[in-house]
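Student: Hi! I'd like to talk through a model with you. Could you put it up?
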Amino acid sequence: MAERKFPSTRLRRSRSKGFLRDLVAEHKLSSDDLIQPLFVSEQKESQIDIPSMPNVYRHNLDSLYSEIESLLKADIKSVAIFPAIDSDKKNAEASHAFDQKNIVCEALQGISKRFPEIITIADVALDPYTDHGHDGLLVDGRIDNDQTLDLLSRQALILAEAGADIIAPSDMMDGRVKIIRDALEANNFVDTIILSYAAKYASSFYGPFRDAVGSAASLGKDSKKTYQMNFANMDEALHEVEMDINEGADIVMIKPGTAYLDVVHAVKSKFQVPTFVYQVSGEYSMLSLSIEKGWLDKNVMLESLVCCKRAGADAILTYAAKQISSELNS
Ligand code: PBG
């Protein structure tokens with residue numbers, strides 16, 4: 001009989017049983033890693049469907065609070081609140097952003113009162129409030145960086161006063177982290193965290209979000225390419241992240257997620273600071289719709305999130321947070 005030579009290394013050994021696979025798993029996703037984005041608006045209906053986002057709703061305040069109760073039951077402890085503002089409250093200067101009684105401030109106050117343990121994240125950017133749908137102030141057909149900074153620092157302060165634990169500038173103006181950090185320090189918000197959308201790309205994956213908050217119609221055919229990053233670039237992402245860390249960001253974020261995991265990995269490896277990733281609306285909807293149609297197995301959602309962890313993300317903003325967390329804990 002011919003001598004059979006087998007390799008002494010057989011990588012299939014540790015894949016042979018489910019529990020073995022778990023033992024040698026290099027990355028694990030847990031409820032602690034997940035942040036649920038939520039949409040809120042001044043509406044009479046408790047919740048309104050968002051047609052381009054399966055199983056995601058726009059809530060009024062009561063419905064928002066009951067959703068948070070169910071998130072807590074599902075072991076989700078962090079939420080990012082996004083307002084959909086009525087169009088009659090939008091204008092060129094985004095003035096409603098500075099009204100301490102606006103819906104997002106009301107929501108933040110209501111949440112801190114009812115659920116003091118929950119971590120709230122509030123976006124800093126003008127797009128929910130501008131009638132042109134841009135994140136900054138439009139001056140002679142251009143988004144004016146430095147005039148926008150003054151408004152962003154005012155907005156950040158109002159959100160911190162309303163009780164936001166984490167301020168998340170998503171506007172991509174140059175220098176915004178420093179201006180916001182200085183404003184927070186000067187006003188005694190020394191413990192307010194800045195989660196900077198440090199590398200935010202000009203992406204078509206944001207489409208469903210813009211439907212959800214009603215900025216798609218305002219923006220029309222205009223793009224955000226003069227402030228959000230070119231999706232062809234990596235070095236520039238590292239440069240952005242470095243600047244934001246130096247300006248006082250506590251956590252940096254890469255956005256979108258799935259198609260940008262090389263950026264997540266590069267950022268985490270180079271800077272070793274808390275690094276989040278945003279699985280954005282378009283990514284969520286692609287997967288959800290395919291699951292709904294039966295074209296993809298429902299495990300693709302978990303797979304996509306574990307891949308974010310493998311790339312180096314410490315936490316993930318995902319519209320699937322509640323559902324995945326319930327699955328993880330069942
Ligand atoms: C607002 C903002 C956007 C998202 C988060 N904050 C949209 C945009 O920049 O146009 C996108 C989130 C998503 O697509 O899920 N500045």
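Student: How do α10 and α11 run relative to each other?
Tutor: They are roughly antiparallel, a label for angles over 145 degrees between N-to-C directions on a scale from 0 to 180. This is a predicted model, in which local features need pLDDT of at least 70, side-chain atom pairs count only at pLDDT 80 or more, and totals for chains, interfaces and linings use all residues. Residues are numbered from 1 along each chain as its sequence is written, and side-chain values use heavy atoms, leaving out hydrogens and water.

Student: Nice. What are the angle and the distance between the axes?
Tutor: Helix α10 (residues 281-293) packs on helix α11 (residues 299-311) at about 155°, and the axes are 9 Å apart.

Student: Which residues meet there?
Tutor: From α10, Y284, L287, S288 and I291 meet V300, M301 and S304 of α11 (contact is heavy atoms within 4.5 Å). By class, that contact has 5 nonpolar, 2 polar and no charged residues.

Student: Switching topic: how many residues are in the largest nonpolar core?
Tutor: It has 104 residues, and F39, L64, I81, L159 and Y278 have the most contacts inside it. Such a core joins buried residues (under 20% relative accessible area, 1.4 Å probe) through side-chain atoms within 4.5 Å. Helix α4 (residues 145-161) gives the most to this core, with 8 residues.

Student: And what does F39 touch?
Tutor: Beyond neighbours within four places in sequence, its contacts include I50, M53, L64, F82, F209 and Y319.

Student: Last one: which residues of α3 are buried?
Tutor: Those are I103, V104, C105, A107, L108, G110 and I111. Their cover includes β1 (34-41), α2 (61-73) and α4.

Conventions
Helix = DSSP H or I, 4+ residues; strand = E, 2+ residues; numbered from the N terminus. Parallel < 35°, antiparallel > 145°, perpendicular 65-115°, else oblique. Nonpolar A, V, L, I, M, F, W, Y, C, P; charged D, E, K, R; others polar. Buried < 20%, exposed > 50% of the residue type's maximum accessible area, 1.4 Å probe, protein only.
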